[in-house]
Amino acid sequence: MTAIAEHPALPEVLKFLRGSKKLLIGGAWTDAASGKTFPTTDPATGATLTEVAHGQAEDIDRAVGAARAAFDTGPWPTMKPNQRERLLWRVGDILSERAAEFGQLEALDNGKSAGIATAVDVAWSADVFRYYAGWATKIEGSTVNVSMPFSPGREFHAYTLREPVGVCGLIVPWNFPLLMAAWKLAPALAAGNTVILKPAEQTPLTALLLGEVFQEAGFPPGVVNIVTGFGDAGAALSGHVDVDKIAFTGSTEVGKKIVDAAKGNLKKVSLELGGKSANVVYADADFDLAVEGSLNAWLFNHGQCCVAGTRLYVEDNIFDDFTGAVAAAASKVKIGPGMDPSTELGPLISQEQFDKVTGYLRDGLADGARALTGGKRWGESGYFVEPTVFVDVKPEFSVVREEIFGPVVAALPFDADNGVVAAANNSIYGLAAGIWTKDISKAHRTAKKLRAGSVWINQYNGFDTAMPFGGYKQSGWGRELGASAIDLYTQIKSVNIAL
């Protein structure tokens, strides 16, 4: 484990890695029914970090049974909202107390910078749990002044109740393992549901450590269950007839399979899927600010980000200067393992992802694209790829149309007369977009026309826990974060009483 040797991990992290990694089912840590395990690796070196229980369909069935019992007959449904509030707040506090531990573990398992993981992923996860802790006491129904035209002369008292959906399956990706788990767990639990969390097989470790946090915080057995495994476990969870809702973050391809699996009992489904986001730079933008922001748009999290601004549209009269500046800045980014405090760009998650991204690099060059910087792997070990800025691209190139999920951007010029909206909207995706201009009217007009769930002006990755997040078109269904997430995990009951 070279990365650990060169940049020593905390004793708590090393202790966790040496311990057994079991499934959390019904409040107990248990081996997979098959007894099987699988390795999880450090993408900076390819070395195995530890072995993890290999959960499959039988384990999913056990976890669903535990979640169902906890929802139907356990203490969870009778717990007062302010009790759930205190439990969730405690999770946020423990995450803050153990932030460095979670950050290093995320860096080892995912490859991202430990410093960034601690300051962003862990800190934001703690904020998410505290935000939704507050929601636990604010989920309300309403009274309705009904007319009842077919019952003249009678009086009625009508109201609505907002109730939890039930047993929720939460399937999260490998690019933000802890954060995406928090995005789903916190609102689901605040609303009174019980859950089965299935983390990505590439990055199961912070989910398992989070399971320890839920136990420390005092959650009743069966409320939070965690099953580590592969796609077959996710399929079993998606198709299980006793699961009432599935929430998934991942690729559009897998999202479609989840929809198909969920149709058996018509369970509720929310999806946060792929993206190929447009980042628009007008000539009147603050040049230096736009360069820095546009670089962050496609390099954040090594480009392994669903909202990455990987289609860079630049007004033609500044195109050469701007793309040159972006390429120059990209070429200076410090590449290295996540455990190195000076690292700005870490490795891709796996050999599979490395092969995919380098395949796109070859395809782009073969199609006629020109790399202003990058264009190949970095180093001789690990899954590192150079930051790559492509120009001389056409809309039909795969590097322009398809989600690469790596540190690669394709830049295209546009002219002020013809505009940029049509080109920016020319995608099957619609997750996010960026706009850079000093003209506030132009910014608002462009934002209104872009078909994207989040539009950031003179910034990129402008997230906030209170702001709803989700996509148009094939970027998904539903909205996470903010009040909108409560809608995903509740259902409305109408009650009408004849007085």
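Two strands count as paired if DSSP finds at least two bridges between them. I kept that in mind while reading this predicted model.

**Entry 1: the sheet**

I started with β14 and β15. Three bridges join them, and the two strands run antiparallel. Three meets the cut-off of at least two, so β14 and β15 pair. I then looked for a residue couple across these strands. Alanine 371 stands opposite phenylalanine 390 in β15.

Next I traced the whole sheet. Seven strands form it, in the order β14-β15-β16-β13-β12-β18-β19. The sheet is open, and its pairing is mixed. Which strands stand at the edges? They are β14 (370-373) and β19. Each has a single partner strand, so one side of each has no neighbour in the sheet.

**Entry 2: aromatic rings**

I turned to the rings. A ring pair is described by the distance of the centres and the angle of the planes. The structure holds 17 aromatic pairs. I picked out tryptophan 183 and phenylalanine 469. Their ring centres are 5.6 Å apart and their planes stand at 70°, so this pair is edge-to-face. Tryptophan 183 sits in helix α7 (residues 177-190). Phenylalanine 469 sits in the loop between β19 (454-457) and β20 (472-473).

**Entry 3: charges over rings**

I looked up two charged residues. Arginine 130 lies over the face of tryptophan 89, at 5.9 Å from the ring centre. Lysine 245 lies over the face of tyrosine 489, at 5.1 Å from the ring centre.

**Entry 4: positive phi**

Most residues other than glycine have a negative phi. I looked up two residues with a positive value. Aspartate 392 has phi near 55°. I found aspartate 392 in the loop between β15 (388-391) and α14 (398-401). At 43% relative accessibility, aspartate 392 is partly exposed.

Phenylalanine 405 has phi near 65°. Its place is the loop between α14 and β16 (408-414). With a relative accessible area of 15%, phenylalanine 405 is buried.

Conventions
Residues are numbered from 1 along each chain as its sequence is written. This is a predicted model: local features need pLDDT of at least 70, side-chain atom pairs count only at pLDDT 80 or more; totals for chains, interfaces and linings use all residues. Side-chain values use heavy atoms; hydrogens and water are left out. Rings of Phe, Tyr and Trp (its six-membered ring) pair if their centres lie within 6.5 Å; planes under 30 degrees apart count as stacked, over 60 as edge-to-face and the rest as tilted. Helices (H or I, at least four residues) and strands (E, at least two) are DSSP runs, numbered from the N terminus. A charge sits over a ring if NZ of Lys or CZ of Arg is within 6 Å of the ring centre and within 35 degrees of the ring normal. Buried means under 20% relative accessible area, exposed over 50%, partly exposed in between (1.4 Å probe, protein chains only).
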